[in-house]
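Open the structure in your viewer and keep the selection tool at hand. This tour tells you what to pick at each stop and what you will find there.

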Amino acid sequence: MPQPSTSGSSRVYLVGAGPGDPGLITLRGVECLRRADVVLYDYLVNPQILEHASHQAVLVCLGRHGQGRIMSQEAVNERLVAEARSGKTVVRLKGGDPAIFARAAEEIAALVAAGITFEVVPGITAALAAASYAGVPLTHRDAASAVALITGHECDKRLPALDYAALAAFPGTLVFYMGVTSAERWTASLIEAGKPAATPALIIRRCSWPDQQTVRCTLGTVAEEVAEHQLRPPAMVVVGEAAGAKPAASWFTNRPLFGTTVVVTRPAGQCEPLRSRFCELGAEVVVQPAIEIGPPASWEAVDRVLTHLDRFDWLVFSSANGVDYLLGRLLAAHGDLRKLAGIRLAAIGPGTADALAAYHLRADLIPAEYRAEALAEALADAAAKQQVLLVRASRGREVLAERLQAAGVPVEQVVAYESRDVTAPDPAVAERLRNGEIDWVTVSSSAIARSLAALFGRDLRHTRLASISPVTSATLRELGLAPATEASEYTMEGLVEAILRWPSQHA
């Protein structure tokens, strides 16, 4: 039972992060991360899960095999107690489930001894996920009525070692955790104890990750397959008749972008919808913002036009960012949306129209083709001799304003947000790009194209570039970079579809 805390409101949460897929953490686990002051996490935890923690939280990786020393269990216990005693809320984030081969018992004992209040938040253990993600059952009404979870890496115990005779006779499925490096030993012991060498087996490495590997074999050939495929942890082995069941379809590995690595280059805070879409399609998604979006250095010019909105007949938005920054400022400093009464709204495309819809506003005009030239042409007719306010970024093409002015439409412009280049790439992304380990880089604007060229230079020729529009493609070509594909519809979904159709066009 949890003991009363000696440090006020401090608490330790032992949270299971699941096997890898960031969508598999529980809602309770996310709640705990959001309130944490300190997160102590295993290296196997997907970094995307850490994004649920607050920006103020201290994130501490407990080490990585082969890349520095792993923090000892005693040191982890001491750190948990020390952080809690200092009044902090601590999350101990574990891969899989805390109660299954995760040494939670030792951490709980340390917390109880120190009088620290704690809570255990279950996670999806790898065995359960492996069955679903590899497309085989752990139980089967004709072949397996029980499941045994077994460690393939035993430490010295006061209890007897594994009873291989009992395991060989077990009437169900055997699942070995941490059994890759010791496969030769435990498979031989099982066979010697009477388990047929021909028993079906399945090796699953990095279960639920975009690079999951699945190797079908038999008990007698597990060690051989591990060596041949050079399989390293994390991996697990499923042994039993149920492991031999052929799935009708592997939903996980049959997704269209499984095994594909895509770099999303949109600004931080705006990449999630595109990242989620690619993840659903099976891709490994790497986020490398190429530009930063922020408020203008001064709101003076924006405030001036917001004070006199009644002078305009049209409010024209060339991006969703313009919608959010202008209307956000309007609501924060100038009253409410009633100030837009009588003003018609134009959006360059459906993404910008969706941003207006989030404010319960409907665009009066969206051009048939989602580009500045088409918007200018449509407005030249609809807004003839009317006053137009164009909301824009600190930089960008002048086409819209120039064409409206050439058509005799009075235009005033206001910079509602600033766009700046990211000046330093993520070193890991740069290395993977240099080594040709990136399949696609998304390019969703000319500004992003130019920034990417400055960040990565000729290394962009080691990958394929997906362009959102002819304008962006033209910018890439000016930079000496040829896009491999271009969206037919100039939207984020159009960008996704362009990547999806590329294989069929190059079969």
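This is a predicted model: local features need pLDDT of at least 70, side-chain atom pairs count only at pLDDT 80 or more; totals for chains, interfaces and linings use all residues.

**Stop 1: helices α3 and α4**

Select residues 73-85, which form helix α3.

Now show the side chains at the contact. From α3, pick Q73, V76, N77, L80, V81 and R85. From α4, pick E106, E107, A110, L111 and A114. These two sets meet each other. By class, the contact residues are six nonpolar, two polar and three charged.

**Stop 2: A84**

Stay in helix α3 and select A84. Is A84 buried or exposed? A84 has a relative accessibility of 0%, so it counts as buried. Along the chain, S10 and A84 are 74 residues apart. Draw a line between their C-alpha atoms: the separation is 5.5 Å.

**Stop 3: T173**

Move to strand β7, residues 173-177, and select T173. The relative accessible area of T173 is 0%, so this residue is buried too. Which residues does T173 touch, leaving out those up to four places away in sequence? The contacts are L138, A144, A146, V147, A148, V238, V239 and A242. Look again at L138. Its backbone oxygen lies 2.5 Å from a polar atom of the T173 side chain.

**Stop 4: helices α9 and α18**

Select residues 272-280 for helix α9 and residues 492-505 for helix α18. Their axes come within 10 Å and cross at roughly 30 degrees. Angles under 35 degrees count as roughly parallel. That is why α9 and α18 are described as roughly parallel to each other. The crossing of α9 and α18 is right-handed.

Show the side chains here. L274, R277 and F278 come from α9. They meet M492, E493, V496, E497 and I499 from α18. By class, this contact has five nonpolar, no polar and three charged residues.

**Stop 5: the loop between α8 and β10**

Find helix α8 at 222-228 and strand β10 at 235-239, then select the loop between them. P234 lies in this loop. Look at the peptide bond from P233 to P234. This bond is cis, with omega near 0 degrees.

Q230 is in the loop between α8 and β10 as well. The relative accessibility of Q230 is 65%, so Q230 counts as exposed.

**Stop 6: K385**

For the last stop, go to the loop between α13 (372-382) and β16 (388-393) and select K385. K385 is a residue other than glycine, yet its phi is positive, near 60 degrees. At 77% relative accessibility, K385 counts as exposed.

Methods: Residues are numbered from 1 along each chain as its sequence is written. Side-chain values use heavy atoms; hydrogens and water are left out. Axes are lines fitted to C-alpha atoms, for helices over the stretch in contact, and angles run from 0 to 180 degrees between N-to-C directions. Helices (H or I, at least four residues) and strands (E, at least two) are DSSP runs, numbered from the N terminus. Contact means heavy atoms within 4.5 Å. Ala, Val, Leu, Ile, Met, Phe, Trp, Tyr, Cys and Pro count as nonpolar, Asp, Glu, Lys and Arg as charged, and the others, Gly among them, as polar. Buried means under 20% relative accessible area, exposed over 50%, partly exposed in between (1.4 Å probe, protein chains only). A polar contact is a pair of N or O atoms within 3.5 Å; within protein, one must be able to donate a hydrogen and the other to accept it, and residues adjacent in sequence count only if both atoms are side-chain atoms. Angles under 35 degrees count as roughly parallel, over 145 as roughly antiparallel, 65 to 115 as roughly perpendicular and the rest as oblique. A crossing is left-handed if the near helix is turned anticlockwise from the far one by less than a right angle, and right-handed if clockwise.
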